[in-house]
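Reader: I have a new structure open and would like to talk it through. Can you take me around?

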Amino acid sequence: MTVDPNAATQSFPPRPPAPGGPSAARYLVPALVAAAVALALGVYGKVHDPEGTAFNLAGFSSTGAVKSWLATAAFGFALVQVVSAAMVYGKLPGPSWSGTLHRWSGRIAFLTAVPVAVHCLYAFGYQTYDSRVMWHSLLGCFFFGAFSAKMLLLRWERLPGWLLPVVGGLVFSVLTIVWLTSALWFFRTFGVTT
Amino acid sequence: MKRTGPLFTLLAGLLLALFMLSLNATTGTEPASTSQADTPADKVSPSPAPTKAPATPTPSPSPSPTKVPVPNADYAGRTDDDSAAVSVSLRNGRAIAYFCDGRDKESWLKGDVEDDGSMKLTGKGGSVLNGTLKGKGIRGTVDIEGGHYAFTADKAVKPSGLYRATATVRNAEIDGGWIVLSTGDQVGILNRNGKPSPAPRIDPETGAVTIDGELLTARPVTP
């Protein structure tokens, strides 16, 4: 967290370093962005009048099925995330491209989760009428905040070694609960249908 | 402060979210029919809906110069004396309502909704519901079996609303009606061969309910 003596001669990408020194900003900005994202999603879910429905994908019996399968796909890629992260950190033997695997499985997981979240917030909103729904709403918003923080933290080169694994683990754990309280519940209630 | 990949990831997610949202907003209510394929009553004719549909978060009760039909929506609430619940479902100028005290008094009422939001719905046994839609709620009265009940029903958002399940279980004709209130409370009556009794709870999200050992599905009711 001391200032890099080479910093002045280094050629930075167009974005200049944050004013006020990077040390505080590198933790504060991700934390604030995370809080803002989670809060914004929650407030939108609460304020927006839920529409009840949204468009559906052809070939599926219901939006619930579409979302459950997308969420399950995202969860599957999240599992790949954990394994590939362990490879990157040398905890598991892995190929040289495990870093690339980690990046791209993460992107795919995120991008499959986004439509699900959009549907949740648009059609149902933030609800608290039973504990499953309450935790799903709360942690669903929290997940996207935590994920934003993780992405922003990644941009910094020198972080304490434990930070990324902890934040990444948090993101994974939250996604797991969000999946358990929605897709798994859906499959158990309606059966594994398309 | 070098890597820009994560930023692009976030940006892509944001763009995707905005894209989906705009798709949802522009397609309006029409696809409601596709997502609820198993309730043909929901396949609303596109005539009155699109004028109201695209996200107007404040359904102002002001009468606009053009003739605005009563919006399609569900309402649920309690009677003033708290002894019974009332739910009304409006679709394309028609209404179906359910009055239910959760024990033995119930009635399904049907009728038309006038453009000014007033309605007179009638049910079996001479029961009558008079109500007026104002803003986000319906205020009115129900006359049933000699009783007179005033009620207020606020706009109900899924899963609150009006549900019904009919089936034959072990040679008994089952007819159950439920009102799920915004608080999560449920008021329902189950008729076995016409004999009313308190109804078991339904899962408000799926409509699943177990009656005499058989798993049934209560479906949202629309006119």
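**Cysteines, helices and a glycine**

Author: Searching the whole structure turns up zero disulfides over all chains, a disulfide being a pair of cysteine sulfur atoms within 2.5 Å. This is a predicted model, where local features need pLDDT of at least 70, side-chain atom pairs count only at pLDDT 80 or more, and totals for chains, interfaces and linings use all residues. Residues are numbered from 1 along each chain as its sequence is written, chains are lettered from A and ligands numbered from 1 in the order in which they are written, and side-chain values use heavy atoms, with hydrogens and water left out.

Reader: Is Cys120(A) buried or exposed?

Author: Cys120(A) is buried, at a relative accessible area of 19%. Buried means under 20% relative accessible area, exposed over 50%, and partly exposed in between, with a 1.4 Å probe and protein chains only. Cys100(B) is buried too, at 0%.

Reader: New topic. What is chain A made of?

Author: Chain A has five helices and zero strands. Helices (H or I, at least four residues) and strands (E, at least two) are DSSP runs, numbered from the N terminus. Of its 194 residues, 44% count as buried.

Reader: Which helices come within 9 Å of each other?

Author: One such pair is α2 (residues 63–88) and α5 (residues 163–190), both of chain A, whose axes cross at roughly 145 degrees. Axes are lines fitted to C-alpha atoms, for helices over the stretch in contact, and angles run from 0 to 180 degrees between N-to-C directions.

Reader: What residues make the contact?

Author: On α2(A) they include Trp69(A) and Phe75(A), and on α5(A) they include Trp179(A) and Phe186(A). Contact means heavy atoms within 4.5 Å. By class, there are 14 nonpolar, four polar and no charged residues. Ala, Val, Leu, Ile, Met, Phe, Trp, Tyr, Cys and Pro count as nonpolar, Asp, Glu, Lys and Arg as charged, and the others, Gly among them, as polar.

Reader: And chain B: where is Gly176(B)?

Author: Gly176(B) is in strand β10 (residues 172–180) of chain B. Gly176(B) is buried, with a relative accessible area of 0%.

Reader: What does Gly176(B) touch?

Author: Leaving aside neighbours within four places in sequence, Gly176(B) is in contact with Tyr163(B), Arg164(B), Ala165(B), Ile189(B) and Leu190(B).
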